Amino acid sequence: MNKYGLVLAGGGAKGAYQLGAWNALREMGVSFNAVAGTSIGSINGAFIAADMYNEAIEFWKSAEINNGVNITEELKDPDNLFSLKNFSSLFKEVLKNKGIDASPTKELLLRFIDEEKVRRSDVKFGMVTFHLSEFTPLHLFTKDIPQGELVDYLLASAKVPLASKIGPEGERFLDGGVYDNAPIEMLRNNGYNKLIVIDISNISGLGHRLDLSCVEMIYIRPYDIEELGAAFDFSDVMFEKRVKMGYLDTKKAFGYLSGRRYYFDKDVFRKMAEKYGAEACLQLEEIAHELEMEKLIVYDENTFIRNLKLLSEEYKREQELRQVAEEEKENTIVNRIKKKYSELRTSKGFSEGIALLDSIII
């Protein structure tokens, strides 16, 4: 199979999606001449360039908030750093230490990324960061990075606001996503016109360009990007979901699977489209989505339709029960009003009030 250039967008914890995509690409025998990434995409890109899949998995399994930052205040939501629940703790940390100490992230990367493997690889590796001191974006390949500083520059590419104590010594950087979150142009400018793009964010960046002229591109992205969750949610549940979604979406992008929101073997979906009509199949998927049917499995026709019918029947029963409950509630309220009115009719004040009303001439 012909080789591609691989573009990896930034998106924090959502980058686990790219691991699943990488696993699918490995299974399909897809290889690369070059990899370029931004932010978490640059970190994943370094693992991919060096062909260190197992190390990447271990890194991600260790990528918990407590392993990545030093915070003296206890976090109310330890899986999601920038959750509103943690605002008070983060605010105190920033005031106290002029930022959030992210130096443990460097130690974590040094444990798993072999710089020499990245440099010796036949796969050209590049990244994007933004130099605040010079207020300019930097598109860097390994040849542009000083020896021994690869991890520092990866952290410069992924340096979110408020993070401190990471990046090259004495330099000020900002997450490359502010300029170009999916560095397609970086590879195109270096002669790569057959690209795979793995996107995980709605952010493009101020300098992002998407020139599709004379390029062959396979674009891998969830149908609903919101299903990837929050960028700083590092919970185990979201990790597993993102990896699985990346794997299935990549198989879909290469034509092994079909469907819009759901996943079907391509021949299964073709037969369903012939049987029900293509538009009807998409409508069934939307109904399944509204009924919150499990997405991250490959369905055959019988399982999909059977599950959809079961959920539909359950929904109807819930609606009927809700209607009965509403009617009972309404009847109860009416009965209470009738009872109160009856009590009022027998009271002296109510009788006098009625008499007063009758005496008023309009």
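These are my notebook entries on what I looked up in this structure.

**Entry 1: ground rules**

I am working with a predicted model, in which local features need pLDDT of at least 70 and side-chain atom pairs count only at pLDDT 80 or more, while totals for chains, interfaces and linings use all residues. Residues are numbered from 1 along each chain as its sequence is written, and side-chain values use heavy atoms, with hydrogens and water left out.

**Entry 2: the chain as a whole**

I looked up the secondary structure and noted 14 helices and 12 strands in the protein chain, where helices (H or I, at least four residues) and strands (E, at least two) are DSSP runs numbered from the N terminus. Of the 362 residues in the protein chain, 46% are buried, a word I use for under 20% relative accessible area, with exposed meaning over 50% and partly exposed lying in between (1.4 Å probe, protein chains only). The protein chain exposes about 19700 Å², and carbon and sulfur atoms supply 51% of that area; the areas come from the Shrake-Rupley method with a 1.4 Å probe, and for residues only the protein chains shown count as cover. For contacts (heavy atoms within 4.5 Å), I noted that 69% of those between residues at least 6 apart in sequence join residues at least 24 apart.

**Entry 3: strand S4 and its partners**

I then followed strand S4 (residues 124-131), which is mostly covered, with 7 of its 8 residues buried. Two strands pair if DSSP finds at least two bridges between them. Strand S2 (residues 32-38) pairs with S4 in the parallel sense over 5 bridges, and valine 128 in S4 is the bridge partner of threonine 38. With strand S5 (residues 136-141), S4 pairs in the antiparallel sense over 6 bridges, and here glycine 126 stands opposite phenylalanine 141. The hairpin of S4 and S5 has 4 residues between the strands, and in it phenylalanine 135 takes a positive phi near 50°. Strand S7 (residues 173-175) also pairs with S4, in the antiparallel sense over 3 bridges, and aspartate 175 in S7 stands opposite threonine 129.

Aspartate 175 came up again when I looked at lysine 159, which touches Ile166, Phe173, Leu174 and Asp175, not counting residues up to four places away in sequence. Lysine 159 is placed in the loop between helix H8 (150-157) and strand S6 (163-164). Is this lysine 159 buried or exposed? Its relative accessibility is 11%, so lysine 159 counts as buried.

**Entry 4: the open sheet of S10, S11 and S12**

I found 3 strands forming an open sheet in the order S10-S11-S12, with mixed pairing. Strand S10 (257-258) and strand S12 (298-299) are at the edges, each with a single partner strand, so one side of each has no neighbour in the sheet. Strand S11 (residues 263-265) pairs with S12 in the parallel sense over 2 bridges, and phenylalanine 264 stands opposite tyrosine 299 in S12.

**Entry 5: aromatic rings**

I counted on 14 aromatic pairs in the structure, with rings of Phe, Tyr and Trp (its six-membered ring) pairing if their centres lie within 6.5 Å, and planes under 30 degrees apart counting as stacked, over 60 as edge-to-face and the rest as tilted. The pair of phenylalanine 59 and phenylalanine 112 is edge-to-face, because the ring centres are 6.3 Å apart and the planes stand at 70°. Phenylalanine 59 lies in helix H3 (residues 53-62) and phenylalanine 112 in helix H6 (residues 103-112), so this pair ties together parts 53 residues apart in sequence. Both phenylalanine 59 and phenylalanine 112 are buried.

The rings of tyrosine 262 and phenylalanine 304 are also edge-to-face, because their centres are 5.8 Å apart and their planes at 65°. This pair links distant parts of the chain, 42 residues apart, with tyrosine 262 in the loop between S10 and S11 and phenylalanine 304 in helix H13 (residues 301-346).

**Entry 6: nonpolar cores**

A nonpolar core is a set of buried Ala, Val, Leu, Ile, Met, Phe, Trp, Tyr and Cys residues joined through side-chain atoms within 4.5 Å. The largest one has 77 residues, of which Phe32 and Ile196 touch the most other members. Helix H1 (residues 16-27) gives this core its largest share, 7 residues. A second, separate core of 13 residues includes Tyr262, Leu291, Met293 and Phe304.
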